[in-house]
Amino acid sequence: GERVALDAFSGRWVAVTFAFGHCEDICPLIVEQARRARADEAVPDLPIVVVSLDPWRDTPERLPTIAETWQLSGEDRVLSGSVDEVNATLDRWRIPRQRDPDTGMIAHGSIIVLVDPRGREAWRIEGAPQRIREAIARVVAESPGPGLR
């Protein structure tokens, strides 16, 4: 119910991905792979931010249910907004997608972005969500201090 900007995570790593609540195949897999990678690499403080691809149906009122279904918790977020706001955001992130106006289904790829503490895209994983574990492991190995802070 509140606006969230990437600045809210300033000074921290964050995993950003793109999915929608009515998707029954790739979207739950993308989110699950991000959660599993976070657990496998023992970085529970890495927030996962899911930007909806479907602002028509993923309304702010539905977001808590989607987050619960995808077993997100803590500082994880599922974000949506007006159709124009979401589409502008997806365009800025360079997220290709195609919405079928008859069914509302959205054709899209699997994209996960690791954003560094300065708010810059550090890793962009496309087409293979299981690779996020590799990216997180590498970041953990290269980051000074505990965790990904």
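How close do the axes of α1 and α4 come, and at what angle do they cross? They come within 9 Å and cross at roughly 35°. Axes here are lines fitted to C-alpha atoms, for helices over the stretch in contact, with angles from 0 to 180 degrees between N-to-C directions.

## Model and confidence

This is a predicted model, in which local features need pLDDT of at least 70, side-chain atom pairs count only at pLDDT 80 or more, and totals for chains, interfaces and linings use all residues. Residues are numbered from 1 along each chain as its sequence is written, and side-chain values use heavy atoms, leaving out hydrogens and water.

The protein chain has a mean pLDDT of 90 (the predictor's confidence in each residue, from 0 to 100). In 95% of its residues, pLDDT reaches 70 or more. Helices (H or I, at least four residues) and strands (E, at least two) are DSSP runs, numbered from the N terminus. Among these elements, strand β2 (residues 48–52) has the highest mean pLDDT, 97. The lowest, 82, belongs to helix α4 (residues 132–142). Where pLDDT is low, predicted coordinates should not be read in detail.

## The sheet

Five strands form an open sheet with mixed pairing, in the order β3-β2-β1-β6-β7. Two strands pair if DSSP finds at least two bridges between them. The edges are β3 (77–79) and β7 (121–126), each pairing on one side only. On average, neighbouring strands are turned by 20° against each other, direction ignored.

Strand β1 (residues 14–19) runs parallel to β2, joined by 5 bridges. Within β2, V49 stands opposite V16.

## Helix α4 and its partners

Helix α4 packs on the sheet and touches β1, β6 (111–115) and β7. Contact means heavy atoms within 4.5 Å. The direction of α4 makes about 160° with that of β7.

From α1, the contact uses Q33, A34, A37, R38 and D40. From α4 come I132, R133 and I136. By class, the contact has 4 nonpolar, 1 polar and 3 charged residues. Ala, Val, Leu, Ile, Met, Phe, Trp, Tyr, Cys and Pro count as nonpolar; Asp, Glu, Lys and Arg as charged; the others, Gly among them, as polar.

## Positive phi in two loops

A42 is not a glycine, yet its phi is positive, about 55°. A42 sits in the loop between α1 (26–40) and β2. Its relative accessibility is 60%, so A42 counts as exposed (over 50%; buried is under 20%, partly exposed in between; 1.4 Å probe, protein chains only).

Q71, also a residue other than glycine, has a positive phi near 60°. Q71 lies in the loop between α2 (63–69) and β3.
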